[in-house]
Amino acid sequence: MIAPFDLAPSRFDGTAPGGPPPGGIRMVALGDSLTEGLGDPVPGGGWRGWAALLAAGLRPEPGAVELRNLAVSGALTGDVLRRQLPAARGLRPQVAAVVVGANDTLRGGYDIRAISASLDAVLAALGAQGATLLTACLPDPGRMLGLPGPLARPLAGCTA
């Protein structure tokens with residue numbers, strides 16, 4: 001059983017360099033609804049998601065991990081590059097988690113080269129600042145999410 005996670009607002013807002021608590025970690029999460037936590041509600045409203053669970057597991061002491069989840073439902077890889085990355089860079093994270101791309105596969109103009117270039121640019125920029133990078137690939141999104149064939153087929157090619 002997972003203990004409730006306190007989703008109190010982050011103590012950093014990107015307007016000042018600040019820093020994590022002594023011995024603590026500053027983490028940012030970038031991506032789409034999967035990273036935002038859509039579908040994983042918390043009592044009292046809002047979403048939790050894997051990024052919050054990961055942040056809570058990095059250090060058990062209260063307040064030892066400062067998480068800023070910049071993910072937005074519906075985001076494409078290009079959106080992460082243009083909108084979320086500048087905010088993330090301003091926060092100077094020690095850990096940066098980036099999981100995005102499923103929405104890109106559902107668009108008619110799906111271009112794996114453009115998506116890869118955007119993702120590479122996001123990871124390179126965060127890595128150049130010294131952030132430890134975390135990303136993930138969904139095993140088979142169509143099967144995992146139980147999507148009907150027309151939606152599952154385009155996603156199946158993304159896991160190879």
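Colleague: What share of the contacts in the protein with a separation of 6 or more comes from residues 24 or more positions apart?
Modeller: That share is 73%. Keep in mind that this is a predicted model.

Colleague: Okay. How many helices and strands does the protein have?
Modeller: There are 7 helices and 4 strands. Reading from the N terminus, the order is β-α-α-β-α-β-α-α-β-α-α.

Colleague: And what percentage of the residues count as buried?
Modeller: Of the 160 residues, 36% are counted as buried. The protein's accessible surface is about 9,000 Å², with 60% of that belonging to carbon and sulfur atoms.

Colleague: Let's talk helices. At what angle do α3 and α5 pack?
Modeller: About 10°, and their axes are 9 Å apart. Helix α3 covers residues 77–91, while α5 covers residues 112–128.

Colleague: Switching to charges. How many salt bridges does the count come to?
Modeller: The count comes to 3 salt bridges. In general, side chains of opposite charge can pair when their charged atoms come close.

Colleague: Which residues does Asp 79 pair with in salt bridges?
Modeller: Asp 79 pairs with Arg 82 at 3.6 Å, N to O. Asp 79 also pairs with Arg 83, where the closest N and O atoms are 3.0 Å apart. Shared partners join Asp 79, Arg 82 and Arg 83 into one network.

Colleague: Is Asp 79 buried or exposed?
Modeller: Asp 79 counts as buried, because its relative accessibility is 15% and the cut-off for buried is under 20%.

Colleague: What about Arg 82 and Arg 83, buried or exposed?
Modeller: Arg 82 is exposed, with a relative accessible area of 56%. Arg 83 is exposed too, at 61%.

Colleague: And which residue does Asp 40 meet in a salt bridge?
Modeller: Asp 40 meets Arg 48, at 3.2 Å from N to O. Asp 40 counts as partly exposed at 21% relative accessibility, whereas Arg 48 counts as buried at 17%.

Colleague: New topic: where does Gln 129 lie?
Modeller: Gln 129 is in the loop between α5 and β4, the latter being 132–135.

Colleague: Is Gln 129 buried or exposed, and which residues is it in contact with?
Modeller: Gln 129 counts as buried, with 19% relative accessibility. Setting aside neighbours within four places in sequence, Gln 129 is in contact with Arg 89 and Arg 92. Arg 89 is also one of the α3 residues that meet α5.

Colleague: Last spot. Where is Asn 69, and what does it touch?
Modeller: Asn 69 is in strand β2, residues 65–69. Not counting residues up to four places away in sequence, Asn 69 touches Ala 29, Thr 35, Glu 36 and Ala 51. Asn 69 is partly exposed, with a relative accessible area of 26%.

Colleague: Which residues does Ala 51 touch?
Modeller: Leaving out residues up to four places away in sequence, Ala 51 touches Met 27, Ala 29, Thr 35, Leu 67 and Asn 69. Ala 29 and Thr 35 are also among the residues that Asn 69 touches.

Terms used: Residues are numbered from 1 along each chain as its sequence is written. This is a predicted model: local features need pLDDT of at least 70, side-chain atom pairs count only at pLDDT 80 or more; totals for chains, interfaces and linings use all residues. Side-chain values use heavy atoms; hydrogens and water are left out. Axes are lines fitted to C-alpha atoms, for helices over the stretch in contact, and angles run from 0 to 180 degrees between N-to-C directions. Helices (H or I, at least four residues) and strands (E, at least two) are DSSP runs, numbered from the N terminus. Contact means heavy atoms within 4.5 Å. A salt bridge is a side-chain nitrogen of Lys or Arg within 4 Å of a carboxyl oxygen of Asp or Glu. Buried means under 20% relative accessible area, exposed over 50%, partly exposed in between (1.4 Å probe, protein chains only). Accessible areas come from the Shrake-Rupley method with a 1.4 Å probe; for residues, only the protein chains shown count as cover.
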